[in-house]
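Subject: Structure handover

Hello,

Here is the structure I promised to pass on. Please open it first, then read my notes below.

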Amino acid sequence: MLQCIFLLSDSGEVMLEKQFTGHRVDRSICAWFWEHAVSHGDSSKLQPVIASPTHYLFQIFREGITFLACTQVEMPPLMAIEFLCRVADVLSDYLGELNEDLIKDNFIIVYELLDEMIDNGFPLTTEPTILREMIAPPNIVSKVLSVVTGTSSNVSDTLPVATGSCVPWRTTDLKYSSNEVYVELVEEMDATINRDGVLVKCEIYGEVQINSHITGLPDLTLSFSNPSILDDVRFHPCVRFRPWESHQTLSFVPPDGHFKLMSYRVRKLKNIPLYVKPQITSDAGTCRISLLVGIRNDPGRTIDSITLQFQLPPCILSADLSSNHGTVNILANKTCFWSIGRIPKDKTPSMSGTLVLESGLERLHVFPTFQVGFRIANIALSGLQIDKLDLKTTPARFHKGFRAVTRAGEFEVRS
Amino acid sequence: MFPQFGATAETLSKASTMVFRIGTDAHLYDDPDDVNIAPLLDSKFDSEKCEALKRLLALIAQGCDVSNFFPQVVKNVASQSLEVKKLAYLYLLHYAEKRPNEALLSINCFQKDLGDTNPLVRAWALRTMAGIRLHVIAPIVLVAVGKCARDPSVFVRKCAANALPKLHDLRQEENTETIEEIVGILLNDHSPAVVGAAAAAFASVCPNNLFMIGRNYQRLCEILPDVEEWGQIILTGVLLRYVIARHGLVEGSIMCSLHCKENSQSQKDGLESNPKFTFLEDNGDLGLYYESEIAHMVSQCYIEGPDEYLSRSSLLNKGSYESKSECFHSGESNEDVKILLQCTSPLLWSNNSAVVLAAAGVHWIMAPMKDVKRIVKPLLFVLRSSTASKYVVLNNIQVFAKAMPSLFAPHYEDLYICSSDSYHIKTLKLEILASIATDSSIMSILKEFQDYVRDPDRRFAADTVAAIGICVQRLPKMASTCLEWLLAFTRQECFTTVNGSMDGEAGVLIQAIMSIKSIIRQDPLSHEKVIIQLVRSLDSIKVPAARAMIIWMVGEYGSLGDQIPRMLTTVLKYLARCFMSEALETKLQILNTTVKVLLCAKGEDLLEFQRVLSYVLELAKYDLNYDVRDRASFLKKLLSFHLDSQGVERERNYVPKNKDLSCVLIECIFGQKTKPTPPEPYNHRIYLPGSLSQIVLHAAPGYEPLPKPCSLTCELSASGELATNSNSSVTDDLDTLSGSSDNESASCYSSQHSIRGSSGNGSGDVTGSASEDEGNADPLIQISEVANTYKTQNSGSQSGAADFGELLSNRALESWLDEQPGLSSVNTSEPSIVHRSSARISIGDIRGQVKPKNYALLDPVNGNGLKVDYSFSSEISNISPLLVCIEVSFKNCSSEPMSDITLVDEESSKDLDSADQVTASSITSQDDVPTVVPIEDIICLEPGQTMTRILQVRFHHHLLPLKLALYCNGKRHPVKLRPDIGYFVRALPMDPETFVNKESHLPGMFEYKRSCTFKEHIRELNKDEGESLLVKDKFLEICRCLALKMLSNANLFLVSVDMPIAASLDDASGLCLRFSGEILSTSNPCLITITIEGKCSEPLNVSVKVNCEETVFALNLLNRVINFLAEPSLTQL
């Protein structure tokens, strides 16, 4: 089981330590870890499981913060990793986002949260709803109060009821004047187009996100009109397995507020909304690059926030890139970033430029991969359709709303 | 350079946050010690206390040691404010172990809080109290945990479950039993949340006590989907272990079927006709064999752990073991297996990747082949969750894919590499892709690989090229396609490396040549053209390692086909010409190759080659590098015969005669062609899926392979048979009897005595109906001899009860002390039989006074009036010297007669079926579990009657309580028998000289010493003073006390007692007692020496020394001796 968690800032400074068991882990392990990370370039490039001379380390990297957990004994590594991810999720939920200052400013809350989330190295309460009841998230009111009166306790003095109920993700005594449920399909398209321009792989990773505000203990059922297209699914704990097994409907008691009901995958799609045509020719120490982006199969909705990003190969000394639409930036780590936005009606966005190769190199022999980003509102490109949403228990009347959005996931074009 | 870089660098953030920091604890973190913290802690305002505590936590967070505030913080635990409490707890837990004495101050507060009406307060108090980790308070915490385990609040019960590992971690042996009991209670809880935590406690407290799982197995399976995700991970593993131990591997699962196939050809034929196996066949026989080999290894590794497996497989013939493992299979239709698979399959849909992997592991090991497929999609889907879990999951998929490529073969597209993947993930994916490629998918995979080699990450490109080589090893059909591409690739690559000085490129090139080499090696003859092409490109390839490899190929395949030999002369000349400018490894390789070519040469080429070789040797002789010079002179010496052209001519004519030693030698070194080797054995270390060890590739501390298949079943059936028609009575409640326990025990002794004494006489003077039972003696307990010995022994032990009331039977005593038959008086007030020989005395009759300690096995309160005690007897079992004899006495304290009393091993009592496993039980007797030789049943026990039985147990040096089941009136009472290490030895008679001699052979690391204080003699001396009829020898009394204490707690032989001669009357320093024994299992002698210091009338300082070859045992024994010497004896109160 986990012995200790450290939170490290992006400069390797230990911001917090929380020991769980009697077998204390000395801070020097962080120094070792940081050295190791630096020798590998970056802690985001490190393996998530590292065997140090004294401990096994698990690390995840989120928004510049490294969550580092240590153990000395056998335990499921994924459990540690998932737990760290959960801690990161809860913290960013509490603090709005994650960064070094926020953690330091709210270190007491972080301590209290960690203390509730894990006991003796084994996860204790990780359900966000319960945590929120136990430890109040910082908000404007409490901040103002603490400034004015100097006192404010964020520790609740009663045990949340949900800890003992069979639906630990929901508090029972909820009252809303208007009952509403919003369902959103959030899809990400992963696609790979190889150097010949062939679509090698195209699939959708989607999530059904629900925002529910309903009185009492509602029992919802959600069904799709074409569940057969789903390749695989994963569920929030609230989803009952039986109804899904027998006739592919989702039956569940939702947590309050916003949550991810399920995630799904649709494989082997054939159409991608955009085309990206890179052309790279190199000769005599320079290299010409040109990129064309356009709509391929019009999804019927506007595609916006189109971006294109690629890493210049290390053998390139300098780059001079320009575009006829949008802006091109080259960041310090040789990442080129072309933000296009929407595709204009009158022209095809293109970017072109020259790259200067390292001296001695005639031609480019390694080629960048272009990562495409886009967003299409109001459509689920997988074609998944929600059939209906029913509420079994009272109140029978409630608002429901549906929406969908598709974004690019790992959408890559090789050159 | 890049003017844009600087300009566009993101410099925002940090500046804008000032506003948001107001109202947070920012100032506390930034300057935690800018105020004096101490007065704040003592403030009467909660807010000030809070602030102080927050400042302390900030200091902790920053790594400062603020433990000096401990006393002040402890006070605040009593605060009414929950926030102060919480913060104080946080502080307390961080430092409690450092400041144990102060931490004790908080215990009262915790105990008060434990009674609070607010469950949150109770839970926090329990968590913190258990987290303090002090040995002293362990008993208090244990009681608290026990109470909280029955708390109405689910959350508190869950915290109780979490507290158990904390207690267990303190390693207090006396508590283990209670802890395990509480784990049992919590596992039985109806709330899934508690069960999850209890499973975690089980896994860390008593992972091998699988019987506990057996009791609740079905219910645990059913509750599994409702348990919290973290609990699911652990519980799945626990259930899997149980099923393996109980039922073994499943017929038709991957673990089983593949090595069955390997075993018997006939079975294989059967399987081939079976549709469910046909999908395995598409790889051809060789591939299949190779894969089944891996699968076999995987399953063996899971069960034995790779270290054991690898070491064994190198020593032993594998086949011999397999036949043994055959018996570990259970049918596909097994209910327990079915239910486990059923309940774990929805977990494959879990949001938590750890749960998915745990469930997949169960299916991988237990599911029949046709169902294993269902783990594939969930595993691949998990890859989308987070990069960290991606890495771990891929690591596991890699093993699955290697053992059963057909599983993942259709999903190769999912393993295509994204540019955003980290290097570790890329290599893992490559490896998996290479191992699952099939004839149908290889084309697309190769296409994909060709894209990868143009990746900017050259390390990755090199790996890709290597992966192509591995693909061809699996699919020889692809050899020519791949070679063609690789050749084209090297040409293009070497083009760039001419100018480039980059290491990465060189690596790719070397890897490419290596892949070509490995492909050619499989079938050199058909790839003759490739070799020629490679040699032709020699001029453009500049990387030394790559050149060396090509040159090696020239030497190796120089005589192949008909085209290569023709170009050899030119090639050699070319090599000789550029020898001077080559790098070291290439030079060496040129030397070797020239020699190899020369040896195979025929006809007119020979002379040419000789010339080249002598030229090269000459060059090498003056090389700057000594390695090259050495190689040259070495070769020259060896080849002197070949270099001499006349010699060669001569050899042609008289072949056998002139072939001298150096020729044979050179033939041996260079002449033999390396043969195409079969695919290399896969000897990676394989650990259980989802384990940490699998990721770090060594067994992490605490890693345990799966239990031995069916180990549990065999154990159950072993004594289950015997328990079939046993009954038992109901447990009742309450200590109403405890008040009279003194009386009770006294009367109990007396009645015991009367039985034993009389039967010891052998005169048939029997009270009650005890003798009838004995008459019925079933064949398992043997015969008269046992009965005799144990009776005499009993009477020996009984004589200790003389302290209570002189209830001795002299004759019984005599039968034991046969050397001194005349000495009947064992009166404590009289110095008995002292042979003063110089300073060495002997307390001859001490054996007679020995009374082994009685432990309660079942008290009448719980046993419906049946009282069962046991004591360890010093007698030696006649069944096996390894068994420890335990005397169990049954007393009916109720007013009704009892019937059918029997005592059996608990494990066995559960399994009452399976007559076919009786044979297996004999196997387990050598196994690592305590074995119990069952006692004969007591048919009937009248009220007030007492009967004794001898139970023989083999403890295997386990010090954990042994669980037994006592049946009485058809009711079952679980009871626990605590082993006593003092009886893991038997008395080994020897004289003092032998003792000293032996002792001198066991010095240093075989010697352990500890000391303690001994007080018991004081009371004894005082008591006698009161009577003071005789002037007593104090020394003697002390010796007697000590010896008695030793002998009644351990089965030892009193060798000698040495006394200081010139000592003053009251100074006991220098007294020395020696005891000897031998360990039951190994017969190693175990020598104990006790020396005393101090005054007679005061507590003595006793130092105990143990000399024994088995150091661990010796240490344990020493601790035990110290324990009982230091503890006051209850029987003498």
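Buried area, as used here, is the accessible area that two parts lose on being put together, summed over both, with a 1.4 Å probe. Please keep in mind that this is a predicted model.

**The interface of chains A and B**

By that definition, about 10,100 Å² is buried between chain A and chain B. Carbon and sulfur atoms give 57% of this area. Three residues stand out on the side of chain A: Glu74(A), Leu78(A) and Arg234(A). Together they supply 8% of the area that chain A buries against chain B, more than any other three residues.

In terms of contacts, 119 residues of chain A meet 113 residues of chain B. The polar side of the interface can be counted too. There are 38 residue pairs in polar contact between the two chains, counting pairs with both residues at pLDDT 80 or more. The salt bridges across the interface number 16. Arg195(A) forms a salt bridge with Asp451(B). Their closest N and O atoms are 3.5 Å apart.

Which element of chain A gives the largest share of the side that touches chain B? It is helix H2, residues 77–95, with eight residues. By class, that side of chain A has 50 nonpolar, 37 charged and 32 polar residues.

**Asp231(A)**

Take a look at Asp231(A), in the loop between strand S10 (220–224) and strand S11 (232–235) of chain A. Is this residue buried or exposed? Asp231(A) has 18% relative accessibility, so it counts as buried; the cut-off is under 20%. Its side chain makes a polar contact with the side chain of Lys377(B), at 3.2 Å. Setting aside neighbours within four places in sequence, Asp231(A) is in contact with Arg265(A), Val266(A), Arg267(A) and, from chain B, Lys377(B).

**Aromatic pairs**

A search of the whole structure gives 19 aromatic pairs over all chains. Phe241(A) and Trp349(B) form one of them, and the pair is tilted. The ring centres are 6.0 Å apart, with 50 degrees between the planes. Phe241(A) lies in helix H7 (residues 241–247) of chain A, and Trp349(B) in the loop between helix H22 (335–344) and helix H23 (353–366) of chain B, so this pair joins two chains. Both Phe241(A) and Trp349(B) are buried. They also belong to one aromatic cluster, together with Phe235(A) and Trp244(A).

A tilted pair is also found within chain B: Phe70(B) and Tyr91(B), 6.0 Å centre to centre and 45 degrees between the planes. This pair links distant parts of the chain, 21 residues apart. Phe70(B) is in helix H6 (residues 70–75) and Tyr91(B) in helix H7 (residues 82–95), both of chain B. Phe70(B) is buried, with a relative accessible area of 0%. Tyr91(B) also counts as buried, at 0% relative accessibility.

**Leu1052(B)**

One last stop in chain B. Leu1052(B) lies in the loop between helix H54 (1034–1047) and strand S15 (1053–1058). With 1% relative accessibility, Leu1052(B) counts as buried. Its C-alpha atom is 8.3 Å from that of Glu1078(B), a residue 26 places away along the chain.

Best wishes

Conventions: Residues are numbered from 1 along each chain as its sequence is written. Chains are lettered from A and ligands numbered from 1 in the order in which they are written. This is a predicted model: local features need pLDDT of at least 70, side-chain atom pairs count only at pLDDT 80 or more; totals for chains, interfaces and linings use all residues. Side-chain values use heavy atoms; hydrogens and water are left out. Helices (H or I, at least four residues) and strands (E, at least two) are DSSP runs, numbered from the N terminus. Buried means under 20% relative accessible area, exposed over 50%, partly exposed in between (1.4 Å probe, protein chains only). A polar contact is a pair of N or O atoms within 3.5 Å; within protein, one must be able to donate a hydrogen and the other to accept it, and residues adjacent in sequence count only if both atoms are side-chain atoms. Contact means heavy atoms within 4.5 Å. A salt bridge is a side-chain nitrogen of Lys or Arg within 4 Å of a carboxyl oxygen of Asp or Glu. Ala, Val, Leu, Ile, Met, Phe, Trp, Tyr, Cys and Pro count as nonpolar, Asp, Glu, Lys and Arg as charged, and the others, Gly among them, as polar. Rings of Phe, Tyr and Trp (its six-membered ring) pair if their centres lie within 6.5 Å; planes under 30 degrees apart count as stacked, over 60 as edge-to-face and the rest as tilted.
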